[in-house]
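Open the model in your viewer and keep the selection tool at hand.

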Amino acid sequence: MSAQEAPRPPAAGAEPAEPEPGGRYEAVVPHWFWCKVTDTRERWVPFSAQDSERLEAAHGAGQEQADVVVPTSGGRYDVHLRARRRVAVYWEEEASEVRRCTWFYKGEKDNKFIPYSESFSEELEEAYMIAVTLGEWKKKLESPNREVIILHNPKLMVHYHPVASSDDWVSTPTEQGRPRTVKRGVENIAVEIPNGEPLQIDHLVFVVHGIGPACDIRFRSIVQCVNDFRNVSLSMLQAHFKKAQEQQQVGRVEFLPVNWHSSLHSTGVDVDLERITLPSINRLRHFINDTILDVFFYNSSTYCQTIVDTVASEMNRLHRLFLQRNPQFKGGVSIAGHSLGSLILFDLLTNQKADPEEDEHCAQGSRTTSSTGGTEEVKEILKKLELSEYCDVFEKEKMDRQALFLCTEENLKELGIPLGPRMKILHYISSKAEMKVCFLHGLCSRHHIPSHSIPLTQGPLSNLSMPLSQVSANYPQLNYKPTIFFAFGSPIGMFLTVRGVKRIDPNYSLPTCKGFFNIYHPFDPVAYRIEPMIVPELEFEPMLLPHHKGRKRMHLELKEGLTRMSVDLKNNLLGSLRVAWQSFTRSPVPALEAASSEAEAEAEAGAEKQPDTKAEEPPAAAKEEAPLINVGRLNGGNRIDYVLQEKPIESFNEYLFALQGHLCYWESEDTVLLVLKEIYQTQGITLDQPLPGSQ
């Protein structure tokens, strides 16, 4: 016993309390935790410092009796203090247990500290206070689970699990088994406690997922992936907007997930699919039913309507709820979509109605551009079709070009147009309608027709042979005008092409959204470009997204350097060989000097005209500094396509990292930084240091 009691004085002396009776006791500082359950495993996660202080203030004020609700995690979760429950605000999620923690013991599997229950923590704290005050240690307590906790001294407190015994009569708790460490106060355990998120919200972004319920390589939900995206944005704000944060110009951007998959698969379609699914390769078939079939659902008029209704209503609901909870919010709203989600948003945005003033402005702009672009009026059309004798008929009925394109065969009969001219006019209308339908907005598409423009079921368009992938749906209206639309790993370009769109009018812009960025990984198998559909006659590279640390990745710089070196070496070698060959073929000696100079000039000219070697074309850096390319009004005249830089390990085999390339955006600092940069640029706030190559 004496050997065990020897360490007591120095151990007690290490604490503020003294070893003798009457030592000073200091109350433990509690911290609030919530229980995260994953795959039946529990993990206790600390609230941020500011959230814990807010919860402790409400607890100390005795507000538990009134069941006060305390908003936490940036307002995305509410804690019901009385019930000790943490509830999601914006999405459906199982409620989590909340605990006011003061005492912890080390877990058995992962060595993480687990908090004791609040009632037992109070017992431990009372025993600790008596031990410190009276200097009497070796206190032994029994937990409700018949576990033994021994307080040897302030620095040594252990926890013993009960040992199973075959004799029920002798099943008393013992100190056998491997002891576990017990700690008092959150400051004594290895856990990272975040400071908390800025209270000021500058901008709101809704994020729509793609196919399936899982959004990344770890099969996590859209909520978890958007949490990662939000956390990366907070770190990027601290790293690249530090000056604006110090001047309190910048708070944070809130990202909220939009889930449509669960609503689609709750319609009963899964039961119908289950009846016709073959029993072989069961897991693969269920995976396909749950993920890849979402693409086919979107191309079905029935389920497309369900999807667009769900996405629009969910975004409107989230927007209303957010404004209710943040009445002081004055910022803008943007939207982002991953994979199929970006196509859903693009279709929604294409079919939004602009304000009447903007409609009139767009109509005037359309008339101006159509006149300057050489579009034909009704008389010119009839003259081209050698039907000038019918000009008076159309003029009498006040038929303009748009009215002409709305004519059906019955309308032309009523005008008294004979069969031959009638067929000519209908054929002309049909051929032009395939290229251009949206007169007011200029998008060359037979699918994306604004609700205030030509409906699919009227006019000669109803007689056209429509592509199988075309969907007719009634697109709902959003309650707000998005500032920017971000597409991650998007197949928009491919779907437009499949729908028969060969070109997007350079004068076209989304009716209610003036910004559009198409961001993709170079190995993403689902991503397609947009800019070549606007400027098909030019070949040019996408914008290379700068690395968030301000430089190009080293392996890309090395690759470009080697490419440049090999091209220069090849050009010099060709020039030298040409000079040498010409010097051998020229026999007169007096003319040798002139011939050599002439050969050198030809060699230099030949080197400059090498089309295959591309001597003056480094892959990315020089192309970023190339003259500005006019890519139309879809992004306000700015570039649309942005490509990420692949990581060094990804460059070894692009096929191995194709799937990862499609799912990498949630944790990509470069993607997040571009989103933040463009959002804050609309507010006149720029990065601390401009990144090289950025627009």
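Select helix α5 (residues 222-240) and helix α25 (residues 669-681): their axes come within 9 Å and cross at roughly 65 degrees. That makes α5 roughly perpendicular to α25, a term for angles of 65 to 115 degrees. Helices here are DSSP runs of H or I with at least four residues, strands are runs of E with at least two, and both are numbered from the N terminus. Axes are lines fitted to C-alpha atoms, for helices over the stretch in contact, and angles run from 0 to 180 degrees between N-to-C directions.

This is a predicted model, in which local features need pLDDT of at least 70 and side-chain atom pairs count only at pLDDT 80 or more, while totals for chains, interfaces and linings use all residues. Residues are numbered from 1 along each chain as its sequence is written, and side-chain values use heavy atoms, with hydrogens and water left out.

Next, show the side chains between the two helices. Residues of α5 including Phe 229, Met 236 and His 240 meet residues of α25, among them Glu 669, Leu 673 and Tyr 680; contact means heavy atoms within 4.5 Å.

Finally, select strand β15 (residues 332-338) and strand β16 (residues 484-488), which pair in the parallel sense over four bridges. Two strands pair if DSSP finds at least two bridges between them. Look for Ala 336, whose bridge partner in β16 is Phe 486.

Methods
Parallel < 35°, antiparallel > 145°, perpendicular 65-115°, else oblique.
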